[in-house]
Structures are given as structure tokens and as C-alpha cells.
Amino acid sequence: MSISLRSLILLPIWISMAHIQQGGPDEKEKTTALKEGQLRHIKTGEPFVFNYREDLHRWNQKRYEALGEIITKYVYELLEKDCNLKKISIPVDATESEPKSFIFMSEDALTNPQKLMVLIHGSGVVRAGQWARRLIINEDLDSGTQIPFIKRAMDEGYGVIVLNPNENYIEVEKPKIHVQSSSDSSDEPAEKRERKDKVSKETKKRRDFYEKYRNPQREKEMMQLYIRENGSPEEHAVYVWDHFIAQSAAENVFFVAHSYGGLAFVELMIQREADVKSKVTAVALTDSVHNVWHQEAGKTIREWMRENCCNWVSSSEPLDTSVESMLPDCPRVSAGTDRHELTSWKSFPSIFKFFTEASEAKTSSLKPTLTRRSHRIKHEEL
């Protein structure tokens with residue numbers, strides 16, 4: 001849903017993230033904000049308040065969505081300027097007129113001979129580079145975005161590809177059907193017709209203004225144009241695999257997939273099993289919602305997942321504590337938080353350790369040591 005900047009009379013807070021991150025009027029405030037990466041009102045320093053108008057829930061929701069759009073654009077800007085990623089348009093052979101999406105890649109994503117990290121977020125309103133909009137707004141950029149993962153990966157010599165699985169269509173305004181006024185064919189004098197048309201237009205203008213204020217969701221009637229071969233997160237994952245990841249030079253490919261991103265990865269495995277097994281060294285899932293039974297993942301896929309995947313799930317147990325599962329796929333360990341949206345950020349250090357161990361184990365022809373053997377034995381006994 002798009003919104004014009006003129007409409008941002010709704011948003012006395014919206015500009016605060018850009019102001020805080022790029023420098024506000026007060027140097028002391030700027031230094032603190034840069035360190036914390038938090039969204040704050042540029043004058044009061046207060047956090048975002050959803051119920052800005054207690055009597056107008058839809059108006060508040062519209063305001064929140066507008067802020068979300070601004071944050072999305074700001075994160076894209078950080079990916080390019082702060083992380084030095086390139087924005088790559090897809091489909092790769094798109095015509096000038098057809099709908100397009102995009103992903104982000106590091107300069108060496110396809111040429112790095114050693115390591116490539118692929119990041120997939122979950123479903124909903126989040127876009128490339130984000131884990132959770134709620135965290136970005138209410139917590140900080142570190143916990144809510146993939147930027148810490150990207151920066152550490154690049155520091156450790158990984159190439160990086162950031163998927164954008166929720167950018168499946170573009171919205172365009174529905175063409176308006178013009179109905180010829182009955183007065184045009186009448187015998188009324190032109191002056192009288194013009195006067196009636198003027199009154200009618202003014203009445204419609206007042207009615208539309210009231211409707212927008214009362215129910216801002218009905219500003220425009222939109223239609224969706226789906227992006228070729230990227231009409232769903234699952235399609236998008238397969239498309240990026242075929243056109244980018246499979247073409248990369250990296251000996252070791254690693255995935256970090258949150259929530260629905262885990263389901264998209266399992267679907268990718270089902271459709272490209274042999275290719276995935278030959279290139280992917282390890283997969284870190286964070287509170288993944290995949291289901292090997294519902295997705296009809298075969299025995300060979302389940303066995304591979306037990307050996308090469310780990311799912312950090314929401315749990316009140318300490319980080320990396322083993323968590324039992326009824327599904328015969330990959331080991332589950334605690335992410336050290338019972339909040340779904342925080343699982344990626346809380347498991348951040350363990351994920352990089354897991355990847356290092358998996359890479360070393362592959363090099364030395366040994367299995368990674370992360371609490372997987374006990375899970376495998378239990379599943380085999382079942």
C-alpha cells in the first residue's frame with residue numbers, strides 16, 4: 001500500500017529513524033541513537049506509539065503501515081550503502097513493461113570460491129533485509145534486520161545473497177470505468193448542465209474526503225500484477241537458486257531461514273534435492289514453520305536435514321538447549337527466547353559457530369558436533 005508524503009501529517013514520528021541514524025540536531029542525542037539504532041521521536045525522544053488517535057483504529061493502522069513502508073526503503077538504503085550490497089532485478093530477462101522484483105547480493109556472491117551465505121526472512125510485511133518490522137520499530141535495527149548477519153558474514157569471508165520472498169507482485173490502481181452522464185444527451189441548456197456538474201463534483205469531493213478520514217484503507221482500488229516465476233516465496237526461492245545460487249562458485253553454501261523461510265527452503269529441497277545436497281553445507285533455521293509430512297519431504301531429504309540442519313526454536317530454555325520434536329527431520333535447540341520474532345537475533349552467535357563447525361567437519365570429513373547424534377538416534381529408534 002503506497003502513501004504520499006503529503007499524507008504524512010499522520011506521522012510526526014516517521015522521520016525520526018532517518019534523522020536519528022543520519023544525525024539529528026543534537027549531537028549527544030545523535031551519538032546515543034547511532035549506538036542503539038532505535039526509532040525515536042526527533043523532538044521528544046519517545047518511542048513509536050501505535051494508538052496515536054484512540055478513536056480511529058484504522059487511521060492508526062494506516063499510519064503504522066506508512067511508517068513500515070518508510071522503514072523498508074530505509075533498510076534497502078542501508079543494504080546498499082552500509083553493507084555494500086548490489087540490488088539485482090528479477091526476473092533476469094524481464095521486459096521493460098512487466099512487473100519486477102529484486103534481491104541483494106555482495107560483489108563476490110557468485111565468484112567467492114569458499115563460502116556463500118543466503119538469508120531468507122519469514123512471511124508477512126517484511127521485505128529483504130528484515131527479520132521483523134515490530135522489532136525494528138519497538139526494539140532496534142540489530143534485532144529486527146539481517147544487517148548484523150550480513151556484516152559478520154562479510155567480515156568472515158562469505159559472499160552474501162539476501163532473498164526477497166514476499167515481493168511477489170506490484171500493485172497498480174484499477175482503471176476507472178467512465179460512465180457518460182445522462183445530462184450530456186439531454187435537452188438541458190449548457191449553463192444548467194455545467195451548474196449541476198459542478199455541484200455534483202463538489203458533493204463527491206466532500207464525500208470522498210470524509211471516506212478517507214473515516215476509513216483510510218479505501219483511498220484507492222488496487223489490483224495485483226504477479227511477478228513472473230516469483231509469485232510466491234516458494235517460487236522465489238527456487239528461482240533465485242536456479243539463476244544465482246546454483247551458478248555460484250562457492251564450495252560451501254549456507255542458509256539462514258526464519259519462520260516461513262524454512263518452509264520455502266524445504267520446498268526448494270524437494271524440487272532441487274540433488275543440487276541442494278551437492279552445494280549446501282549447513283542450514284540454520286530459526287523457528288521454522290516447515291512440516292516434512294505436509295510438504296511430503298522424502299526419506300532421503302529427512303535424513304539429509306538431520307545431518308545438516310538445525311532449528312533454533314522459541315523456548316524459555318537457555319540458548320542451544322536441546323528441545324524435543326515430534327517431527328523426524330532436523331535437531332531442535334532453544335533460541336534462548338520464547339518470542340518468535342527474536343529467534344534469529346538471539347541465536348546469532350550460535351548460528352555462526354554452527355556454520356564454522358560444519359565447514360571444518362566437511363573439510364576434515366567429520367560430522368559437525370552440534371547435539372545432532374542424540375536426535376538422530378532417537379528418531380531412528382522411533
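Modeller: Happy to: there are 17 aromatic pairs in the structure, where a pair means Phe, Tyr or Trp rings (for Trp, the six-membered one) with centres within 6.5 Å, called stacked if the planes are under 30 degrees apart, edge-to-face if over 60 and tilted for the rest. Bear in mind that this is a predicted model, in which local features need pLDDT of at least 70 and side-chain atom pairs pLDDT 80 or more, while totals for chains, interfaces and linings use all residues. Numbering starts from 1 along each chain as its sequence is written, and side-chain values use heavy atoms, leaving out hydrogens and water.

Let's zoom in on F149 and F348. Helices here are DSSP runs of H or I with at least four residues, numbered from the N terminus.

As for solvent, F149 and F348 are both buried, meaning under 20% relative accessible area, with exposed being over 50% and partly exposed in between (1.4 Å probe, protein chains only). F348 counts as buried because its relative accessible area is 13%.

F348 has another ring partner, W345: that pair is tilted, at 5.6 Å centre to centre and 35° between the planes. W345 has 26% relative accessibility, so it counts as partly exposed.

The axes of α6 and α13 (lines fitted to C-alpha atoms over the stretch in contact, with angles from 0 to 180 degrees between N-to-C directions) come within 11 Å and cross at roughly 35°. The crossing of α6 and α13 is right-handed, that is, the near helix is turned clockwise from the far one by less than a right angle. On the α6 side, P148, F149, R152 and A153 make the contact, and on the α13 side F348, P349, I351 and F352; contact means heavy atoms within 4.5 Å. By class, that gives seven nonpolar residues, no polar ones and one charged.

Terms used: Helices (H or I, at least four residues) and strands (E, at least two) are DSSP runs, numbered from the N terminus. Ala, Val, Leu, Ile, Met, Phe, Trp, Tyr, Cys and Pro count as nonpolar, Asp, Glu, Lys and Arg as charged, and the others, Gly among them, as polar.
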